[in-house]
Every structure is written in C-alpha cells, then in structure tokens.
Amino acid sequence: MIVTIDMICLRLSGKGIQALLMKRSNPERPHFGEWAIPGGLVYDEDMTDAGGEPVDKDFDAARRRICRQKVHTYPNFISDPLVDGNPKRDPDGWSVSISHYALLNPSNARQIENAGVDRNRLDWFDLDALITHQFQMAFDHVAQIKHAWKKLRAAVEYTSVVLFFLDKEFLVADIIEAYAQFGVEVNRMTVKRRLIDSGVIVSMNKVVPTGKGKGGKPATVYCLASDQVTYFQTCLKTG
C-alpha cells in the first residue's frame, strides 16, 4: 500500500490566500510535469545501502523530512491529520494520503524564497483559482485542498488559528488585516476583549513607530502566549 504525507501549505499575501505547489519532476512517477501539493512517500524500509533514504521512525519524522526536502521550511502551524484513501487516486495502486493544512508566516515564506528554488518548480498560487478548478492539478489534490480549506475556514472564527499566519511578533493592525482576508470583520475592541484581555496574545513590552498604529501613533507589539491553538467559547466576530 502507498502511504503519502501531503502538506497543503497556505499563506496570506497582498493577493489574498495562496497555496504552495510543486511541479512533479520524476518522469518515472505518475503525473510527471503537473503541479501538486508538496508531499512524499512514507519510507517503511531502510534504503541507505542502495543510496536511498533511511526508514522513517514515525509520521512526525516523515513529515519533517518532507518539509525539509519539498517545502524548504517547517510551517508555523500544522493541523491534525486529514486521512483519505482509495484504490483509484494513484495509478500505482491503493493509496492512503495523510494530509495537513500548514500555515506559513512571513518568516517561512522568506525561508522558501532564500532556498533559491526555481519558481517553475515551486510557487504560490491563488487559493480561489485552485478550489474553483481553474487550474489543473495532479491526482485528487484539488479535492484535498478543498477539504483542507473547509476545515480551516470552519475554525477561523472559533479558534486562534489565523494568528499563526502572522510573524512571531505582530500588531493589532496585522490581526485585523489577517481576519479580513477570510471575510471576518474584527475591530480593535474585539481584539482587546477577546485576545488581549483573555491572554491569547501578550504584549512584548515594546512599541514600534509605524503607520499601522491607530492615528499613526507607536503601536504595541504582541505575540502568541502559546504555540497551541486556543478555542473560543463563542464566535470571535461577535465582539
């Protein structure tokens, strides 16, 4: 049985939400030359004697290897696994996909850019174009992206997951802009009551002189209080 780990890597950009895709480059594998979700096989056999890879100790080891080799950064957030499989999704036989949606912040994006990978092999694509089938992709990867997007969008207003798109340090204005890309309107009072006063984000005890601060004044810098997603008791945008 074929077991793969697929990383549906998403970022926020000036163009909206984008997904990272790689062009399949092995002519001996299906869908050669087509764009696909970055991913790879789970290695259940040690092939070092033949010049290959060692066995993956567990799924976390496989995930880290695939991120290192294919994504060129380790995402700021990785979701719980989304598992699917059937005998038709891969021409080589019965295939199980363990996919994750992975949220990349600006630092992750810079690491990918600094890796120097040709954009003809690894590039960002608008999510809307992918989920509306405006773009041809390998295997069932459009369906995987749509499923991951559905899971992420359902979590946006009830968890702190959107904040993992931001850099380690951010401003209130950055939070408002991030939620706006999901069509969720939040204001400064909502951020204060729901995120600051509740301890989801904490002050870094410094300010920056930026136009993003209210009225052009220096803005307080914040960071996440935890590397775990916080669940809200009520919808965030209700205030």
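Q: What do the domain bounds of the protein chain rest on, and which domains are given?
A: Domain bounds come from an automatic or database domain assignment. For this predicted model, the assignment gives domain 1 as residues 2-156 and domain 2 as residues 161-224. The C-alpha centres of the two domains lie 30 Å apart.

Q: Where is confidence lowest and highest in the protein chain?
A: Where pLDDT is low, the predicted coordinates should not be read in detail. Here the protein chain averages a pLDDT of 91, and 95% of the residues score at least 70. Strand β6 (residues 82-86) is lowest, with a mean of 81. Strand β5 (residues 77-78) is highest, at 98.

Q: What area is buried between domain 1 and domain 2?
A: The size of an interface is often given as the accessible area lost when the parts come together. Between domain 1 and domain 2, about 1,400 Å² is buried. Carbon and sulfur atoms give 63% of that area. In domain 1, Leu-12, Asn-76 and Val-156 lose the most area to domain 2. Together they make up 41% of what that side buries.

Q: How many residues of each domain are in contact with the other?
A: Count each side separately. Domain 1 supplies 19 residues, and domain 2 supplies twelve.

Q: How many salt bridges and polar contacts link domain 1 and domain 2?
A: The count is one salt bridge between the domains. Arg-110 pairs with Asp-167 in a salt bridge, and their closest N and O atoms are 3.3 Å apart.

Q: Which elements supply the side of domain 1 that touches domain 2?
A: β1 (2-13), β2 (16-23), α2 (106-114) and α4 (141-156) each give at least two residues. The largest share, five residues, comes from α4. By type, that side of domain 1 has eleven nonpolar, five polar and three charged residues.

Q: Which residues does Ile-78 touch, beyond those up to four places away in sequence?
A: Ile-78 sits in strand β5. Ile-78 touches Met-7, Arg-63, His-100, Tyr-101 and Ala-102. Ser-99 is 21 residues from Ile-78 in sequence, with 9.8 Å between their C-alpha atoms.

Technical notes. Residues are numbered from 1 along each chain as its sequence is written. This is a predicted model: local features need pLDDT of at least 70, side-chain atom pairs count only at pLDDT 80 or more; totals for chains, interfaces and linings use all residues. Side-chain values use heavy atoms; hydrogens and water are left out. Contact means heavy atoms within 4.5 Å. Buried area is the accessible area (1.4 Å probe) that two parts lose on being put together, summed over both. A salt bridge is a side-chain nitrogen of Lys or Arg within 4 Å of a carboxyl oxygen of Asp or Glu. Helices (H or I, at least four residues) and strands (E, at least two) are DSSP runs, numbered from the N terminus. Ala, Val, Leu, Ile, Met, Phe, Trp, Tyr, Cys and Pro count as nonpolar, Asp, Glu, Lys and Arg as charged, and the others, Gly among them, as polar. pLDDT is the predictor's confidence in each residue, from 0 to 100.
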